[in-house]
Amino acid sequence: MQQFVNITLNGLSQGAIYAAFALALVLIWRATRIINFAQGAMAMFTTYLALTLIESGQSYWVGFAAALVAGLVLGALVERIVMRPVEGGPELNAVIVTLGLFVAFQALAAILFGATFQSFPAPFGLRGFTVGEFTIAFTPFSVFVIGSVLVVMLALTALFRFTDLGLRMRASAFSQEVSRLLGVRVGRMLTLGWAFAAVVGSLAGLLIAGGNLVHPAYMDAVIVYGFVAAVLGGLESPGGAVAGGLITGLALSYVSGYLGSELVTLAALGILVAVLLVRPRGLFSRVAERRV
Amino acid sequence: MAEPRGTLDIRGLSARYGPVTALDAVDITASPGRVTAVLGANGAGKTTLLRTISGLVKGADGSVLLGGRDLTGASAETIARAGIAHVPEGRGVITELTVEENLRLGELLGTARRGKGGREHRLDTVYEMFPALEQRRRREANSLSGGERQMLVIGRALLSAPEVLLLDEPSLGLAPRIVAQLFALIRDLVDREGITVLLVEQNARSALSIADTGFVLNLGRVVAAADAASLAGDADLRHAYLGF
């Protein structure tokens, strides 16, 4: 019983991180119909910026905020400079460009920050809470992880549902041409979409790194799990991304806990294949056939 | 140059798709308070004309002026903000958004334009005009019928407080009774609000029934320009180009 509880709690906090990463993928998918494979590498890069600041004597929170701001700027720059020329062309071109960015950011990080493992601090305790005589696998840091992902999800939902900016961003995502005819500056909306996505991605990078080791490829596994989560959630809605993230986190935690941790990646790919075969629009997507 | 507000002046407009000439030195003027019809068969260049005016087709020669302001080569966003509302063929409803969200997009543009003295239109007025839309305000626009979608895009365009309304085949796919209602509504709007309407139609008979002036396009050239009554009365022209 205790084992089950611990595996579940561990799955939930891992799932929250996959959810954050899936949110970032969903934001860009909604706006441009591209899966940004460079998302993890961009997050790794901004996390290293935070680490550099923290190691130079700044507080964790200064590094945290700097990484999020850097994500915003990096996302906007990548869209304007690298993605803009391939937008509107075949989707495969854009996807290949994001793969190229992924390699480039990893190489750049190795040059700038070194390719060795470095430990990244956590802002809250990493010792589990105790319930009676048991210590459970739920730490103050887990609370922070789940809380911040919930805040981001609610903020994004509110942005899209209740603000004029959110309406313009959604309109641009669904129909660029009609949006232009309604005076929406579509290019600006795409830049903002990438910028917001990179902020959320950076948050996922920071949360994964907290209390762990970072190196230029530390996000690689998260890209796979976050992608599984996003596909599971249907790629369309922030809520679906979070649900997909939690389900993926739990499923992988059970596999790891009961079957063996070497099977986790295989299980993730198994979920991906199963979803694509059985419900390619994801568990939570309400969107009917769009292409007419 | 003292062009009146809301006058749309198209001078020597030419556009081509690769080697195909879609528009060939087209001159059209549309004035406020009047419905100007552009007629012609499929492939005559009518849709290209509207898409060039609203900035969706790039690289055309000639010029597009709104109230004397040169909009040639401007982006679609800028042209929309200048006061040209283009209701595209196939209606241009964003089906994933709700009815009200579609309308709010028009309202946002109207709010942005109001600083420049655009006419004020409110959501309530549009709901009063089209009660069917109010009943479905929270539904996805997907759920609307063809006629309701047409009401939605016209309402949305009106909320943007336009000086010029470009309508591309508004009668397409609608039952004759709905077409008659729609055209009566357009006429009424022009008379009450004094906006400029450029109406592109294959359904020449209905279009001429509400138009003041008409231009006939064939293979990208203007082959006839006259007031609507004389176009409708010209039997040779009707047989050759208008099919009625």
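1. Which element of chain A has the lowest mean pLDDT, and which the highest? In this predicted model, strand S3 of chain A, covering residues 134-135, has the lowest mean pLDDT among the elements of that chain, at 78, while helix H3 of chain A, covering residues 60-83, has the highest, at 95. For chain A taken as a whole, the mean pLDDT is 88, and 97% of the residues reach 70 or more.

2. One stretch of chain A calls for caution when the model is read: over residues 288-292 of chain A the pLDDT stays under 50, and for these residues the model has 0 contacts beyond four places in sequence. Where pLDDT is low, the predicted coordinates should not be read in detail.

3. The unreviewed UniProt entry carries the annotation "transmembrane region" for several spans of chain A, among them residues 12-29, 60-82, 217-235 and 266-284. Two of these annotated spans can be set beside the model. Residues 12-29 of chain A are 100% helix and 0% strand, with end C-alpha atoms that lie 25 Å apart. Residues 217-235 of chain A, by contrast, are 68% helix and 0% strand, and here the end C-alpha atoms are 24 Å apart.

4. A:Arg33 sits in the loop that runs between helix H1 (2-32) and helix H2 (39-55) of chain A.

5. B:Leu219 belongs to the loop between strand S9 (213-218) and strand S10 (221-227) of chain B, and B:Leu219 is partly exposed because it has 15 C-beta neighbours inside 10 Å.

6. Where the two chains meet, 14 residues of chain A are in contact with 20 residues of chain B. On the side of chain A that touches chain B, the elements giving two or more residues are helix H6 (164-174) and helix H7 (176-181) of chain A, and H6(A) supplies the largest share, with 5 residues. By kind, the residues on this side of chain A divide into 7 nonpolar, 2 polar and 5 charged.

Key. Residues numbered from 1 in each chain as written. Chains lettered and ligands numbered in written order. Predicted model: local features only at pLDDT ≥ 70, side-chain atom pairs only at ≥ 80, totals over all residues. pLDDT = per-residue confidence, 0-100. Helix = DSSP H or I, 4+ residues; strand = E, 2+ residues; numbered from the N terminus. Contact = placed C-beta atoms within 7 Å. UniProt positions renumbered as here; feature names shortened; annotations may be inferred. Buried ≥ 20, exposed ≤ 12 C-beta atoms within 10 Å, placed from the backbone. Nonpolar A, V, L, I, M, F, W, Y, C, P; charged D, E, K, R; others polar.
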